[in-house]
Amino acid sequence: MSSSTDTRPFLPFALPSVGEEEIAAVAEAIRSGWLTTGVRTAKFEAEFAAMVGAENALAVNSCTAAMHLGLDALGIGEGYRVALPVWTFTASAECLRYLGAHPLFVDVDRATLNIDPALLEAALDRAGRDGGGPVRAIMPVHFAGQPCDMDSIMAIARARGLRVIEDAAHCFPGKVRMAGPGAEPGDRTIGTIGDITAFSFYATKTITTGEGGMITCREPELARRMKVMRLHGISRDVWDRYTSKTASWRYDIIDAGFKYNLTDIASTMGLVQLGRAAEFLAARARIAAAYDAAFADLPEVETPTVASTTSLHSWHLYVMRIVPERLKIGRDAFIAELNARGVGTSVHFIPLHLMTYWRQRYDLSPRDFPVASGEFERVVSLPIYPRMTEGDVGRVVDAVADVVRAHRC
Ligand SMILES: *Cc1c(COP(=O)(O)O)cnc(C)c1O
């Protein structure tokens with residue numbers, strides 16, 4: 001169908017799956033009279049921890065806050081460096097700057113667009129000689145919901161005495177196959193592998209609380225530090241002060257903390273979303289499979305590669321790539337053509353070395369990141385969310401096929 005005759009409403013790139021259940025839960029929380037962090041947040045943390053199999057889970061008001069608290073707890077401060085992929089959202093890197101620390105950007109694996117362990121090793125070797133600050137941690141980003149090669153990353157971290165803080169904004173729920181020494185062989189859930197894992201409940205993520213995030217970690221000292229810094233550096237949290245038998249006005253300030261706690265209004269929505277997470281995942285996986293099948297015989301586009309180490313892909317994003325040699329148009333025009341056919345898309349990500357701040361602050365060049373620079377020109381994120389009907393999926397498939405037919409070489 002040509003765009004000029006298509007009268008169907010525009011299909012958005014993303015829509016949250018929230019409905020009457022979330023509305024009822026939020027209304028109940030508001031009526032209870034307890035709005036800020038309280039018993040609903042404690043329940044959300046406990047249920048999230050149980051689902052992931054994590055020792056500790058701390059609710060916060062964003063994944064960015066989670067990473068800031070995590071880096072602080074790991075002792076990442078002024079002048080230190082943390083290795084992370086250049087293929088990520090700016091939040092991953094900006095929280096380093098909050099602490100006066102610096103990113104050590106690493107290029108990605110062409111197949112998965114996750115941090116490339118071999119290039120990570122090379123970057124760490126170079127960092128040992130370049131006179132920059134000491135590298136203290138690695139921050140893998142599980143891009144699109146596909147877990148990184150955690151066996152390789154954990155081995156590198158162990159060999160060099162580095163901490164691991166995972167940006168799992170895309171990866172709930174996710175599982176990765178691990179076999180290496182020090183790890184129990186088998187499928188490991190994202191949230192139980194590195195020292196700290198940060199999740200996002202932003203409006204477009206796999207489950208949402210509007211804004212929100214969760215931190216998981218194993219070590220009680222890390223959990224304690226993050227809990228205190230989450231709420232102003234207060235030695236007791238507000239719920240504890242409310243319910244405890246000791247005087248509720250008595251507290252101490254042990255550091256200059258932050259205001260990163262999650263409200264009970266958000267947490268109650270999170271509890272409903274947790275209960276629906278498996279159903280959401282199944283819906284996204286079905287859409288991914290439908291796209292894979294539909295594009296299998298279109299050599300003009302590449303479907304996402306699922307690594308042999310991936311045992312559970314969250315399918316937060318479906319990132320297809322155009323094959324420029326087979327098309328007369330580039331990625332930007334491809335997106336414009338889909339848009340003209342009523343299909344919303346996005347691009348994940350514009351790599352950070354192409355962003356003004358990061359490029360100028362660290363004197364970065366596309367030559368330093370050949371994979372990210374090249375793949376950026378080819379990626380298109382297609383709609384993938386549970387509210388899409390079979391008709392919506394068919395419409396995306398038809399639009400992609402139609403654009404390919406109109407513009408193939
Ligand atoms: C969304 C996102 C974040 C930030 O999550 P917030 O909850 O909005 O702070 C961090 N990293 C990546 C890779 C993201 O996509």
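**Backbone, rings and pockets**

Modeller: Let's start with His-232, which counts as partly exposed at 38% relative accessibility. Under 20% relative accessible area is buried, over 50% is exposed and in between is partly exposed, using a 1.4 Å probe and protein chains only. A word on the source: this is a predicted model, where local features need pLDDT of at least 70 and side-chain atom pairs count only at pLDDT 80 or more, while totals for chains, interfaces and linings use all residues. Residues are numbered from 1 along each chain as its sequence is written, and side-chain values use heavy atoms, with hydrogens and water left out.

Biologist: What is the phi of His-232, and where does the residue lie?

Modeller: Phi is near 65° there, a positive value in a residue other than glycine. His-232 belongs to the loop between α7 (220-230) and α8 (238-243). Those labels follow DSSP runs numbered from the N terminus: H or I for helices, with at least four residues, and E for strands, with at least two. Leu-113 also has a positive phi, near 65°, and lies in the loop between β3 and α5. With a relative accessible area of 2%, Leu-113 is buried.

Biologist: Now the cis peptide bonds. Which residue does a cis bond join to Phe-172, and what is omega?

Modeller: Pro-173 is the partner, and omega is about -10°. You'll find Pro-173 in the loop between β5 and β6. Another cis bond runs from His-348 to Phe-349, with omega near -5°. Phe-349 sits in the loop between α10 (331-340) and α11 (356-362).

Biologist: On to the rings. How many aromatic pairs does the structure hold?

Modeller: There are 14. Rings of Phe, Tyr and Trp (its six-membered ring) pair if their centres lie within 6.5 Å; planes under 30 degrees apart are stacked, over 60 edge-to-face, and the rest tilted. Take Phe-172 and Phe-199: their planes meet at 85° and their ring centres are 6.1 Å apart, so the pair is edge-to-face.

Biologist: Are Phe-172 and Phe-199 buried or exposed?

Modeller: Phe-172 is buried at 6% relative accessibility, and Phe-199 is buried too, at 1%. For a stacked pair, look at Tyr-291 and Phe-295, 5.8 Å centre to centre with 10° between the planes. Both lie in helix α9 (residues 264-295), four residues apart, about one turn of the helix. Tyr-291 is buried with a relative accessible area of 0%, and Phe-295 is buried with 1%.

Biologist: Which residues do ring pairs link into a cluster?

Modeller: Phe-44, Phe-48, Phe-172, Phe-199 and Phe-201. Some rings also have a charge over the face, meaning NZ of Lys or CZ of Arg within 6 Å of the ring centre and within 35 degrees of the ring normal. Arg-136 lies over Tyr-80, at 4.2 Å from the ring centre, while Arg-331 lies over Phe-376 at 4.6 Å.

Biologist: And how should I read the pockets?

Modeller: Rolling a probe the size of a water molecule over the atoms shows where empty space is left. On a 1 Å grid over the protein atoms alone, using a 1.4 Å probe, a pocket is an open set of points with protein on both sides within 12 Å along at least five of seven lines, and lining residues have an atom within 4 Å of a point. Its volume is the space filled by probe spheres set on the points, which are joined across faces, edges and corners.

Biologist: How much space lies in the largest pocket, and which residues are nearest its centre?

Modeller: About 630 Å³. The lining has 41 residues, with His-170, Tyr-202, Thr-204, Lys-205 and His-316 nearest the centre. The elements giving two or more residues to that lining are α3 (63-73), α4 (90-98) and α9. By type, the lining divides into 21 nonpolar, 16 polar and four charged residues. Here Ala, Val, Leu, Ile, Met, Phe, Trp, Tyr, Cys and Pro are nonpolar, Asp, Glu, Lys and Arg charged, and the others, Gly among them, polar.

Biologist: What is the volume of the second largest pocket?

Modeller: About 410 Å³. Of its 18 lining residues, Leu-104, Phe-105, Ala-123, Arg-126 and Phe-369 are closest to the centre. β3 (102-106) gives the largest share, five residues. The second largest pocket's lining holds 12 nonpolar, one polar and five charged residues.
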